[in-house]
Amino acid sequence: MTRATTIWKKELRRELCTWKSSLWLVIASLLLSFTSYLLLTNKELSLLDQTELMWLLSKVIIGIALLVVTIEASGMIAGEFESGTAESVLLTPISLWGFVKGKFLSVLTLWAMLFVVSLPYIIVAAAGSGETLAFLAYAALLGTLVVIGFTAFVFALALFFRSSKNTLTTSLVVLLALAAPALFSGTLKSGPVLQTMSTINPIENVFAALDYILVDAKFSLLSNIQYLVPLLIFCVVTLLFLGYAVRTVSRQGVVQHE
Amino acid sequence: MHDIIVTTGLSKAYDQKQVIHSLNLRVEEGEFFGFLGPNGAGKTTTIRMLTGILAPTGGTVTIDGHRLPDEREEAVRSLGAVPESRGFYEWMTAEEYLAFFAELYGAERMRIDELLAATGLADRKHALISTFSFGMRQRLGIARALLNRPRILFLDEPTIGLDPQGQEDIQRLLRKLNRDGVTIFLSSHLLNEVSSLCTRIGIIDKGRLIAEGTLAELQTKSKMKGGSLTDIFLRLTGGTKS
Amino acid sequence: MSRWSSLLVLVGVLLNAVVAGADTAPPLSLRILSSHTLNGTAGDYVTVHGTITDTGDAALSDITTYLSLVDTEAKLPVDLEDWSAEKGQYIGSMGVNQTLPLDWKIHFVKAGNYSLTIVAQSGAHDLPCVSPVTRFVVLPKVNLNPANVLPVAFLTPLVLLLLLFLATRIRKVEE
């Protein structure tokens, strides 16, 4: 774990030292500023219930986080292979799994930082609703689960592609494909195929769970089990995919033939 | 002296195409081994297999008594490598870069200043790598490879692209390291460099080790008594001089 | 005036009475009972309780009731699309002196001053019957405090920029 921690610390330093990554936090906060200000002051939007505004805000937070995490994770591993730095790192006693673990920790830290940035907005939006704690706890839990799943998926792609551009393009297409149905209303999802896809879609599960928690005030974990189980399965499946990618690449060698 | 690098029937194939053919290589501890070959002969592939970052499709590699890939972690503790792909974290300073690798190796921090001094980078330790010249990057790469006090140092074309002064600096450093007991495995296509530095030479062509020995042994094998390494190399690899 | 002309006047009066009967409203009494509970805040859901009574001496059929809402500031009728899921209620027939309850669940969509009436129509009458007007006020939503969001929306990105700037400054880098 110590070598993975070294990679993690290096990534954190990179995020702070190079404005490239830190800028995401600023962009996220600007987007949240704009959204929350619009939600809380616009006359037409303020016709909605407070809980519905909170739900909208929670969707924006998770949406931004997923976008930032996908973009950052796409370049985190593939970028090291492209620039040739991965070879130097993997010539040290660290294993490929340790290298990936360190990167994984840094993506989770980025998500944690994004969540911290969104805290003031959550507190302001939920003030007086009596749902602030539930909002915080569930946004953290559901966000963490979906970030874990997506990061594992993106990292596995990066290990196979070794190209930031290909990884980013594929990841964004998948993210868009999963996010698009989540924006449609339930009435459009008729038929067993669409309903099954809706049940396994992690983004739809997160949004539906947040609706159930914030709008319908169903706070217990048990009452949200219908959403949490598919999310946990998504995480397990993507982590297994990542494990398979690490094993395959370790077996073939961490560098590719030129 | 024991054999510190041993390969037996080492082979590599990519999509049915054999790029390394059953390579049997032995390098003794303390040797300065030169690994020569034309472009595309398989030098880099061999070094990558020897350093454990590329899996062979056949044969075995033993580094300092540790067999790859099963004992990779123990093997890489004994080796340092300056690979062909020279990627650096441009946003780091030289000191930060070495500190990062020192932590990965579990090396002591004081080693960083020692190596920055040895490679002539002490006065640039707080400078960003993005401001470094090619030669400075080469020296930094060597400093990184020496962090764990390796018993074997693999270098893949370490002086390529350097001016004569830069080449001389690095060659002097490598000589000193070898005198201090570090076994050096140097891949190069600069024949003068290899003949002036190496105690033993292996020549690879089209993935096969076609000759191995001291310069005198190679002269005998190639029937070119008193011939230069360039003449021997060209004859053995089917170059123009015969 | 001759006997014939007197007869013509009588027939004319009778015919006039028949035509006038077609232009009358049905004998119904409409009331809004919950006028005092209607005031609220935008976003609230309230129920409008009312009654309808057949005050005539005959049963009535084909009765439909609906709400009519007027924005008294804008002096415009309000489209009830967003306010109520059930815009009209079909009553059907009513017996003499029969009273039926009328309930509408409405959503206060926008703050303002409004006047509300219940309107009823019968298939046999050409004029509608209207309840007395109930006036109410919908207050603006106050549970979201826009004053709090302004400092958060402005300060968070600024504080973040400052922290990131400081983080890069503490690093020892030679130019």
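Me: Start with charges. How many salt bridges does the structure hold over all chains?
Reply: There are 24 salt bridges over all chains. Keep in mind that this is a predicted model.

Me: Give me one to look at. What does Lys9(A) form a salt bridge with?
Reply: Its partner is Glu103(B). The closest N and O atoms of Lys9(A) and Glu103(B) are 2.7 Å apart. This pair crosses between chains. Lys9(A) sits in helix α1 of chain A, and Glu103(B) sits in helix α3 of chain B, residues 94-105.

Me: How many salt bridges are there across the interface of chain A and chain B?
Reply: The rule finds three. One of the salt bridges joins the side chains of Arg3(A) and Glu73(B), at 3.3 Å from N to O.

Me: And polar contacts there? How many residue pairs between chain A and chain B?
Reply: Eleven residue pairs are in polar contact, counting pairs with both residues at pLDDT 80 or more.

Me: Which elements of chain A give two or more residues to the side that touches chain B?
Reply: They are α1 (2-17), α3 (50-83), α4 (85-90) and α10 (225-252) of chain A. The most comes from α1(A), with eight residues.

Me: What about the residue classes on that side of chain A?
Reply: The side of chain A that touches chain B has twelve polar, nine nonpolar and nine charged residues.

Me: How much area is buried between chain A and chain B?
Reply: About 2,700 Å². Carbon and sulfur atoms give 60% of that area. In residues, 30 of chain A are in contact with 29 of chain B.

Me: Why quote an area at all?
Reply: Interface size is often given as the accessible area lost when the parts come together.

Me: OK, switch to chain C. How many of its residues are in contact with chain A?
Reply: 22 residues of chain C are in contact with 25 residues of chain A. The area buried between chain C and chain A is about 2,100 Å². Carbon and sulfur atoms give 76% of it.

Me: Now the surface. What makes the nonpolar patch of about 1,100 Å²?
Reply: Residues from chain A and chain C make that patch. Among them are Trp19(A), Leu23(A), Leu158(C) and Phe165(C). The elements giving two or more residues to the nonpolar patch are α2 (19-41) of chain A and α2 of chain C.

Me: Which one gives the largest share of the patch?
Reply: α2(C) does, with eight residues. Leu158(C) has its place in helix α2 of chain C.

Me: Last topic, the backbone. Is the peptide bond from Leu68(B) to Pro69(B) cis or trans?
Reply: That peptide bond is cis, with omega near 0 degrees. Pro69(B) lies in the loop between β5 (66-68) and α2 (72-78) of chain B.

Me: What is the phi of Arg162(A)?
Reply: Phi is positive for Arg162(A), about 55 degrees, although Arg162(A) is not a glycine.

Me: Where does Arg162(A) lie?
Reply: Look in the loop between α6 (132-161) and α7 (164-183) of chain A.

Technical notes. Residues are numbered from 1 along each chain as its sequence is written. Chains are lettered from A and ligands numbered from 1 in the order in which they are written. This is a predicted model: local features need pLDDT of at least 70, side-chain atom pairs count only at pLDDT 80 or more; totals for chains, interfaces and linings use all residues. Side-chain values use heavy atoms; hydrogens and water are left out. Contact means heavy atoms within 4.5 Å. Buried area is the accessible area (1.4 Å probe) that two parts lose on being put together, summed over both. A salt bridge is a side-chain nitrogen of Lys or Arg within 4 Å of a carboxyl oxygen of Asp or Glu. A polar contact is a pair of N or O atoms within 3.5 Å; within protein, one must be able to donate a hydrogen and the other to accept it, and residues adjacent in sequence count only if both atoms are side-chain atoms. Helices (H or I, at least four residues) and strands (E, at least two) are DSSP runs, numbered from the N terminus. Ala, Val, Leu, Ile, Met, Phe, Trp, Tyr, Cys and Pro count as nonpolar, Asp, Glu, Lys and Arg as charged, and the others, Gly among them, as polar. Patches are made of residues with over 30% relative accessible area and no salt bridge: like charges are joined within 9 Å, nonpolar side chains (Val, Leu, Ile, Met, Phe, Trp, Tyr) within 5 Å. Accessible areas come from the Shrake-Rupley method with a 1.4 Å probe; for residues, only the protein chains shown count as cover.
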